[in-house]
Amino acid sequence: MTHVEVMLCSDHSLDTIGGAQLSSNIILEGLKDDHYHLGVIQPGENGSKIENIEYFEIGKHKSIKTVAKNPINFIKYINGVRKNLNREKPTIVHTQAQANFFIVAFLKKLRLISKDTFIIHTERGLYLKYNFFIRQVFRFLMKELNILITTTQFNMDYWKWALKNWNIALDEYRIIENTAGKHFERIDESRLSQPKQNLVLGFVGRWNYVKNWPLAEEIALAANEKLDENLVIKMAISCDDEEAEKEARQLFNRLEEKMGERFQGAINISFDKMDQFYYDIDIYILTTIKDGESFGRTLVEAMSRYTVVMTTDAGGAVEVVNNEQLVLDNADEFAEKVVYFYENPIKMKEQKIKNRKRVNEVYSLENNLNKHTALYTEILDR
């Protein structure tokens, strides 16, 4: 077998749930039949491998975060990355998350891998969210980077500002928008939300402070006060541990007391059920704290199902929504806008159609893959 030409590096096994993992799999699935040889370096085993992709699985744990808890295991992981890169000698190393970028850049800085290794890093985290220490690690290692990719102009502007202050000039900067993937580009018309008396309002996300679930609760109660029996609230929450699930269920109980069966909450639901969730709702609201999102994939997933989307001033999410009238500050403003769409069904339909069109034009799988193909080909053909 020929040596890997493009090596993707992930902080998690690509058979686990997460935005970076999903994006990596989308790239691999879309480019697996191209003329260059793709590989993946990841922690732990991958139970859902894609054909024509070569996997280099290091250790037993499926997350760098877990590996790093044991210094000896972490050193072994770093050494595993070094060995695989030196054996395969890929022309391009494309890191998809921060930890593996730090590892690869550190190895290059110490000349433990080839100094000619061309590093591309897709930065999915907001510069604004990193603490002083992490920013200094980036500063120390960014000189080893060739090309920086972000998913929004919003995030890129902050990274360019930081790099300018650090007197670091990269070869190139590119924006490659996320995509929800091929599945969300197909529509089952029979599953779409149909005109009805009730308006269905949805909230989706992981249970953490960044997603600002207290605001979601405020919006739900404010909208319920205005629309009463004409409103249905649906929430789908992802919980990482028992404490998070306990807190999420407490939220569900409070809303059930106010709304009865008109509130529907679900925790850690399957992909198929999540897909149906998007089909069922009319409006989706992202309640993330200010500047807390580098992108906001759930917005694209909802938009793909002909859904109106609104957001807080959450950073990259504002760019995805692309409508300043749907970027709001507080529960009352969101509730008023929900009422507006309920009272103006034609406007709501127009916005749904506009959102679906935006997904097809900006956040399509084709757009994402074409940009990756062009980037890889330009570098390999040099």
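Helices here are DSSP runs of H or I with at least four residues, numbered from the N terminus. By that count, Asp332 sits in helix 12, and since this is a predicted model, local features need pLDDT of at least 70.

Q: Why is Asp332 called exposed?
A: The label needs over 50% relative accessible area. Asp332 has 52%, so it counts as exposed.

Q: Which residues make up the patch of negative charge on the surface?
A: Glu218, Glu225, Asp329, Asp332 and Glu333 gather there. Helix 7 (213-227) and helix 12 (331-343) each supply at least two of the patch's residues.

Q: What makes strand 2 largely enclosed?
A: Buried means under 20% relative accessible area. Six of the six residues of strand 2 (residues 38-43) are buried, so the rest of the structure largely encloses it. Leu38, Val40 and Gln42 point one way, Gly39, Ile41 and Pro43 point the other way, and all are buried.

Q: How do you know that strand 1 and strand 2 pair?
A: Pairing takes at least two bridges found by DSSP. Strand 1 (residues 6-9) and strand 2 have four, in the parallel sense, so they meet the requirement. Val6, for one, has Leu38 as its bridge partner in strand 2.

Q: And what makes strand 11 and strand 12 a pair?
A: Again, at least two bridges are needed. Strand 11 (residues 283-286) and strand 12 are parallel and share four bridges. Ile283 stands opposite Val308 in strand 12. Both faces of strand 12 (residues 308-311) are covered, with Val308 and Met310 buried on one side and Val309 and Thr311 buried on the other.

Q: Why does the phi of Asn52 get a mention?
A: Most residues other than glycine have a negative phi. Asn52 isn't a glycine, yet its phi is positive, about 70°. You'll find Asn52 in the loop between strand 2 and strand 3 (53-58). Asn167 also has a positive phi without being a glycine, near 60°, and lies in the loop between helix 6 (153-165) and strand 7 (172-175).

Q: Why is Asn52 called partly exposed, and why is Asn167 called exposed?
A: Exposed means over 50%, buried means under 20%, and partly exposed is in between. Asn52 has 49% relative accessibility, so it counts as partly exposed. Asn167 has 69%, so it counts as exposed.

Q: What makes Lys109 and Glu144 a salt bridge?
A: The side-chain nitrogen has to be within 4 Å of a carboxyl oxygen. For Lys109 and Glu144, N to O is 3.3 Å, so the pair qualifies. Lys109 lies in helix 4 and Glu144 in the loop between helix 5 (132-141) and strand 6 (147-150), so the bridge ties together parts 35 residues apart in sequence. Salt bridges with shared partners also join Glu29, Lys32 and Glu51 into one network.

Q: How do you know that Glu29 and Lys32 form a salt bridge?
A: Their closest N and O atoms are 2.6 Å apart, and the limit is 4 Å. Lys32 is buried because its relative accessible area is 15%, while Glu29, at 38%, is partly exposed.

Q: Why is Tyr77 called buried?
A: The cut-off is under 20%. Tyr77, in helix 3 (residues 71-88), has a relative accessible area of 1%, so it is buried.

Conventions: Residues are numbered from 1 along each chain as its sequence is written. This is a predicted model: local features need pLDDT of at least 70, side-chain atom pairs count only at pLDDT 80 or more; totals for chains, interfaces and linings use all residues. Side-chain values use heavy atoms; hydrogens and water are left out. Patches are made of residues with over 30% relative accessible area and no salt bridge: like charges are joined within 9 Å, nonpolar side chains (Val, Leu, Ile, Met, Phe, Trp, Tyr) within 5 Å. Accessible areas come from the Shrake-Rupley method with a 1.4 Å probe; for residues, only the protein chains shown count as cover. Lys and Arg count as positive and Asp and Glu as negative; His and the chain ends are not counted. The place of a charge is taken as NZ of Lys, CZ of Arg, CG of Asp or CD of Glu. Buried means under 20% relative accessible area, exposed over 50%, partly exposed in between (1.4 Å probe, protein chains only).
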